[in-house]
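Here's a quick tour for anyone opening this one up for the first time. Have a look around, then read on.

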Amino acid sequence: MGLLAFTQTAAGQCADDRFGIQFANDVVITIPDSFVVTGIPSIDSLNADYKVVWAESLFVRPDEMAPPDSALYDSLGMGRTYLFGTLDPVADSVLVATYAADPEVEFAELDCRFETCGKDRWGGIYPNDPGFLNQWGFENNLWNGGWPDADKNAPEGWWLQQEGVLTAIVDTGIDLDHEDLWSRIWINFDEIDGNGIDDDGNGYVDDYQGWNWVADSPNSNDDHGHGTHVAGIAGAEPNNDRGVAGQCWTYRHLMPLKALDANAGGESSWIAKAITYAAVKGARVINLSLGSYQPNAMIRQSIDFAHASGCVVVAAMGNDDTDIPFYPASYWNVIAVGATDGWDRRAYFSNYGLLLDVVAPGEAIYSTYPGDSYVWRDGTSMAAPHVSGLASLLLGANPGLTNEGVRWIIQSTADDETGSLSEDPVGFDERHGHGRINDYSALAHALYPECLLLLEDVRISSTRDSTSFLITSPRAPCGVEWEIVGVRMPENPDFHLTLWDSGGLWCGTGTPENAVEFIVGQERNTSYGMVFLETWGESGKYAIEWTAPFDCLFPTPEVESEFGVYSWQSAHVVQICCIMLEKDYAYEIELDPTGEADLGMALFTPDLFPGCCHDRYSADQLADEAGPGESETLVHMADTTAWHGLALWSNNGRNAEYVIRLAPPTAAPEAEASSLPSALALGETRPNPFGSETCVEYDIPTRGRVTLSIYDASGRRLVTLVNRDMAPGRYRANWNGKDEEGTDVAPGVYFCRVQAAAGVETRKIVLLR
């Protein structure tokens with residue numbers, strides 16, 4: 001499988017002839033004879049015992065460091081951090097413990113190796129043909145081997161923002177001459193290439209295109225391949241008729257920093273120096289597709305410096321399917337990234353835990369490789385640059401964002417509940433963190449904080465409060481203009497939501513038992529429209545989506561019809577299709593899913609007056625009783641021949657395939673006049689008084705809109721049990737003694753009222769507890 005991150009740091013994985021040390025106060029280092037002298041007697045005695053023969057400052061202060069960086073450099077004590085070298089291979093845990101015990105020392109540690117978080121994947125190196133169709137993490141469909149839309153909405157994100165900021169790739173280097181990368185490689189214009197002079201005074205001679213700490217040279221070329229693959233994900237050149245497309249499309253924005261060798265491993269001191277270099281030279285984002293299970297003070301110190309300088313630091317979570325803390329991903333000021341596969345599941349190797357921030361595509365990722373070639377690779381190493389690229393775009397879209405502001409947007413706009421039921425419940429979890437990143441959702445929030453644009457079939461996730469959404473013009477298959485706007489509710493009993501459009505037509509308030517709220521409209525937004533979302537109470541992450549019909553179904557009379565197989569994508573909130581029903585025929589419609597999806601459906605009759613909206617409570621028929629993977633069925637007698645709207649939603653957002661099946665339609669029998677109610681009536685409620693639930697019977701004499709509601713003694717409406725068009729007949733409804741919010745009401749006297757075209761009837765009900 002190739003190189004994995006270490007499961008532990010053994011002595012053999014650390015250098016045995018050097019170690020890092022930070023002093024509590026400034027020291028002057030000299031080497032008067034054979035051994036290093038600090039002026040601290042206790043330390044100098046240890047240096048003589050262990051034969052410490054050389055020393056170098058780990059973080060070199062540039063000659064012209066900006067005042068804020070200089071103050072930060074001093075506050076972190078970076079000028080007091082050194083790398084000590086011994087004459088013999090004696091550096092071990094005992095040595096560093098002895099130094100660390102001295103009161104003049106802040107820390108002492110071995111210079112240990114960190115490795116990439118990539119996993120070699122079986123397969124060949126591909127030629128330089130256009131490969132975007134292979135990049136499922138950007139755009140997933142059935143043709144590239146994944147589940148439709150199990151991706152991060154990259155094309156939609158590029159529609160909003162293509163340019164990003166300088167991003168450092170701390171890795172095995174980058175193939176500087178790669179056909180898809182050479183135009184993206186950063187150039188240090190403060191340095192004159194090849195003149196043998198440190199023109200910018202930063203301690204590195206001829207660092208024209210980054211630096212190589214492995215060889216201590218300006219040659220930052222990749223001699224392994226991992227860094228080139230990571231760089232291609234973050235920023236390969238797009239639209240050049242070759243290779244792949246990177247996340248960020250900015251010219252000269254990838255800073256190549258080689259801190260890992262040809263075996264994809266590197267000393268912690270190299271990595272720490274590279275991180276500090278990136279921050280000083282102006283990188284806004286730093287990608288660390290590397291790590292170890294051993295924390296490291298030198299790397300932590302460099303990350304503290306970079307974060308305090310405003311950098312977004314992104315790191316891979318590790319590839320051992322464990323919750324053991326992995327570094328540097330586990331540091332508080334790093335965005336920790338896990339991996340998903342093409343079906344939106346957590347990748348089988350991806351580490352997890354409470355320190356995980358988000359997940360991103362990381363299995364079977366196609367990207368650049370040395371020698372103008374391309375290859376598939378697995379690993380959280382591949383997931384991290386998806387997030388780094390998004391962070392770069394966010395800062396390009398809104399340069400005023402702080403690094404923690406970028407982290408918050410990425411977390412709060414990630415798609416939740418996309419994985420399996422067992423691993424990805426509502427809200428933050430240890431396997432998926434805050435969710436799988438969503439480029440479009442994140443960039444829309446960064447660019448348009450007041451009003452977000454809803455694209456067809458593109459979900460926006462958010463933890464924001466009240467906002468408005470602009471809907472683009474819908475398409476009209478079959479000449480019918482149905483549309484649906486849905487909101488996936490957070491699992492939070494204290495969260496309330498109201499959804500309405502510019503005409504003031506509202507979708508009710510969110511309640512814990514309704515996972516999805518929606519508005520269905522017909523012939524409403526022929527150009528543009530607004531949907532407004534108001535929340536109050538304790539917040540939570542919700543998802544909103546708008547879509548037009550995905551199909552037009554035309555069942556054949558007297559024959560069973562089956563439509564599909566359709567794919568329910570975890571990124572969806574709602575869907576709608578058109579279905580032609582004939583007048584005076586009874587239709588049995590079955591929604592039959594596979595997998596873990598808990599689907600519901602509602603049927604809507606075309607309105608006589610264009611512009612009317614519906615919600616779940618005004619559906620002609622509704623089916624939402626079965627559990628995950630179980631079929632739903634509704635029966636409807638059509639009273640007009642027309643295209644009806646069949647709204648679909650998922651209560652748990654899981655992937656599934658489904659079919660829509662219609663039993664042979666049957667003509668309505670001639671009803672005897674004596675069998676239909678002659679007047680509106682509200683019958684007995686049984687039992688009455690009641691303790692937990694009572695049944696209300698009522699008669700409807702003519703077809704029309706019927707509402708059945710419960711009121712308290714003051715006339716305040718507590719809950720609506722029925723609100724829809726109904727045919728003539730005798731009906732029942734149950735009341736469980738709860739209000740609209742699902743809260744138990746107090747014992748007392750209440751009133752049940754039915755209202756229809758034929759009038760209003762009221763009956764008293766007594767509740768006992």
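A contact here means heavy atoms within 4.5 Å. With that in hand, take the contacts in the protein with a separation of 6 or more: residues 24 or more positions apart account for 73% of them. Keep in mind that this is a predicted model.

**The overall picture**

- You'll find 10 helices and 43 strands in the protein.
- The protein has 769 residues, and 59% of them count as buried.

**Nonpolar cores**

- The largest nonpolar core is made up of 60 residues. Val 387, Leu 394 and Ile 410 are the ones with the most contacts inside it.
- Helix H8, which covers residues 380-397, gives this core its largest share, 9 residues.
- Who does Leu 394 touch, leaving aside its neighbours within four places in sequence? The list runs Leu 401, Val 406, Ile 409, Ile 410, Ala 442, Leu 443 and Ala 446.
- Another core, of 49 residues, lies apart from the largest one. Among its members are Phe 59, Ala 168, Ala 283 and Met 298.

**Salt bridges**

- Side chains of opposite charge can pair when their charged atoms come close. This structure holds 31 salt bridges.
- One of them joins the side chains of Glu 267 and Arg 18, at 3.4 Å from N to O. Glu 267 sits in strand E9 (residues 265-267) and Arg 18 in strand E1 (residues 14-23), so this pair ties together parts that are 249 residues apart in sequence. Both Glu 267 and Arg 18 are buried.
- Glu 179 and Arg 242 also meet through their side chains in a salt bridge, at 4.0 Å from N to O. Glu 179 belongs to the loop between strand E6 (167-171) and strand E7 (211-212), while Arg 242 is in the loop between helix H5 (226-235) and strand E8 (254-258), so the pair ties together parts that are 63 residues apart in sequence.
- Are the two partners of that bridge buried or exposed, or in between? Glu 179 counts as buried because its relative accessibility is 9%, which is under the 20% limit. Arg 242 counts as partly exposed, at 37% relative accessibility.
- Lys 281 pairs up with Asp 200, and the closest N and O atoms of this salt bridge are 2.9 Å apart. Here too, distant parts of the chain are linked: Lys 281 is in the loop between helix H6 (268-280) and strand E10 (285-288), and Asp 200 is in the loop between E6 and E7, 81 residues apart.
- Lys 281 has a relative accessibility of 18%, so it counts as buried. Asp 200 is buried as well, with a relative accessible area of 13%.
- Salt bridges that share partners also build a network, joining Asp 17, Arg 18, Asp 111 and Glu 267.

**Cavities**

- How many cavities of 30 Å³ or more does the structure hold? There are 3.
- The largest cavity has a volume of about 100 Å³.
- Its lining consists of Leu 58, Phe 59, Val 60, Pro 62, Asn 202, Tyr 204, Lys 273, Thr 276, Tyr 277, Val 280 and Lys 281.

Technical notes:
Residues are numbered from 1 along each chain as its sequence is written. This is a predicted model: local features need pLDDT of at least 70, side-chain atom pairs count only at pLDDT 80 or more; totals for chains, interfaces and linings use all residues. Side-chain values use heavy atoms; hydrogens and water are left out. Helices (H or I, at least four residues) and strands (E, at least two) are DSSP runs, numbered from the N terminus. Buried means under 20% relative accessible area, exposed over 50%, partly exposed in between (1.4 Å probe, protein chains only). A nonpolar core is a set of buried Ala, Val, Leu, Ile, Met, Phe, Trp, Tyr and Cys residues joined through side-chain atoms within 4.5 Å. On a 1 Å grid over the protein atoms alone, a cavity is a set of points where a 1.4 Å probe fits but cannot get out, and a pocket is an open set with protein on both sides within 12 Å along at least five of seven lines; lining residues have an atom within 4 Å of a point. Grid points are joined across faces, edges and corners, and a volume is the space filled by probe spheres set on the points.
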